[in-house]
Every structure is written in structure tokens, then in C-alpha cells.
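Subject: Structure handover and findings

Hello,

Here is the structure for your files. My notes follow below it.

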Amino acid sequence: MKNKKAQEEMVGFALIIIVVAVILLVFLSFSLRTGQKEPVESYEVESFIQSFLQYTSDCSDNFGNMEIQELIFACNENIICVDERDTCEVLRGTLTNIVGESWKTGSDRPVKGYELLISSSSGEIMNLIEGERTTNLKGATQPFFKGGESFDITFTAYYESN
């Protein structure tokens, strides 16, 4: 009789361990699913704009390689690079690479799309649009001035709907 009691206790203990393991797996799967849907915060968008404005491009003027902010001014004034490339084309290519690497979009990603608009008081300089627009979005605008002319950079990230 003693041997059967010990066997029953061992089977009960094994069942408890299995039930606890299944419960832990369920909680783990829920926590992994919700971790992928983090929304984009406004400060991230503002920081992104500030950082790419300081990025140094491969287009140079008489003083050296231009940062993106200087490239925006040069594009607006129809200035060309020392190697005779169009500053607007260099700006578009550089920003396409930066934004594409920083804000990867797709159906399997939280960020579904983005829009980057650069404009001056005289008109639109560039507009990059990728992916789809959703109702959930975060954006920021960075104004700056040069020689009495105002410039605005607006970046909007569209992410997964709730």
C-alpha cells in the first residue's frame, strides 16, 4: 500500500509541473505579442529630424561636405555640388536612405508608413512617402530660417492601428 501512495504522489506532482509550464507558456506568448505593437512617440520623431539635419552628405561645396540642413538650402537655391551633381538629387537620395533604414515599413512591422515633407516659404522642396497611411500617427515639425526665408521639415510616422 505504501508503494502505491508514493506513485500517486509522483504522478500528481508531475501533473502540477505540466500545468504550471503550460500556464507560463501562455503568459509568455501574450507578452511577446504585445511587445511588438509599441507606438512611435513624438520625441522619437523630433529626435530623428534633429539628427538627420546634422548628417554629413557626400556633396561638397567650396568649404567641404555639406550637412543635410546646408543641402536643403543649396537645393532651394539651385546650387550644384563641386562634382556637378544636383543638390536636390543628392538630398533626395541621402534622405531616402536615412529614412528607409531608420523607419522600416511593412505589413509585418509596427510602422506601416511615413511621410517626410521639406518646404520653404517659396514652395515644396521635397516630399518622400513610403508605405500606407493609417489613422494612428505621430509627427513633428522642425522650423528653421536662413536669410529671411523660412523652412519647415515635417515628418509623420504611420503605425499599426489599435
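A definition first: buried means under 20% relative accessible area, exposed means over 50%, and partly exposed is in between, with a 1.4 Å probe and protein chains only. This is a predicted model, so to speak of local features needs pLDDT of at least 70, side-chain atom pairs count only at pLDDT 80 or more, and totals for chains, interfaces and linings use all residues. Residues are numbered from 1 along each chain as its sequence is written, and side-chain values use heavy atoms, with hydrogens and water left out.

Overall layout

The protein chain has 4 helices and 6 strands. These are DSSP runs, numbered from the N terminus: helices are H or I with at least four residues, strands are E with at least two. The order from the N terminus is α-α-β-β-α-α-β-β-β-β. The radius of gyration is 27 Å, well over the 15 Å that the globule rule gives for 162 residues, so the chain is more spread out than a compact globule. That radius is taken over C-alpha atoms, and the rule is 2.2 Å times the number of residues to the power 0.38. Along the principal axes, the C-alpha atoms fill a box of roughly 95 × 30 × 20 Å.

Of the 162 residues, 30% count as buried. Take the contacts with a separation of 6 or more: residues 24 or more positions apart account for 54% of them. Contact means heavy atoms within 4.5 Å.

On charge, the chain has 13 positive and 24 negative side chains, and the centres of the two sets lie 20 Å apart. Lys and Arg count as positive, Asp and Glu as negative; His and the chain ends are not counted. Each charge is placed at NZ of Lys, CZ of Arg, CG of Asp or CD of Glu.

Aromatic pairs

The structure holds 8 aromatic pairs. Rings of Phe, Tyr and Trp (its six-membered ring) pair if their centres lie within 6.5 Å; planes under 30 degrees apart are stacked, over 60 edge-to-face, the rest tilted.

Phe48 and Trp103 have ring centres 5.6 Å apart and planes at 80°, so this pair is edge-to-face. Phe48 sits in helix H2 (residues 42-53). Trp103 sits in the loop between helix H4 (87-102) and strand E3 (111-120), 55 residues away in the chain. Both residues are buried.

Phe73 and Phe144 also pair edge-to-face, at 5.6 Å centre to centre and 70° between the planes. Phe73 is in helix H3 (residues 68-76) and Phe144 in strand E5 (residues 136-146), so the pair ties together parts 71 residues apart in sequence. Phe73 and Phe144 are buried.

One aromatic cluster takes in Phe48, Phe52, Trp103, Tyr114 and Phe155.

Other residues to look at

In H3, the buried residues include Ile68, Leu71, Ile72 and Phe73. Asn78 follows H3 with a positive phi, near 55°.

Pro143 is in strand E5. Its relative accessibility is 42%, so Pro143 counts as partly exposed. Leaving aside neighbours within four places in sequence, Pro143 is in contact with Phe151 and Asp152.

Tyr158 lies in strand E6 (residues 149-159). At 8% relative accessibility, Tyr158 counts as buried. Not counting residues up to four places away in sequence, Tyr158 touches several residues, among them Tyr114, Glu115, Glu132 and Arg133.

Best regards
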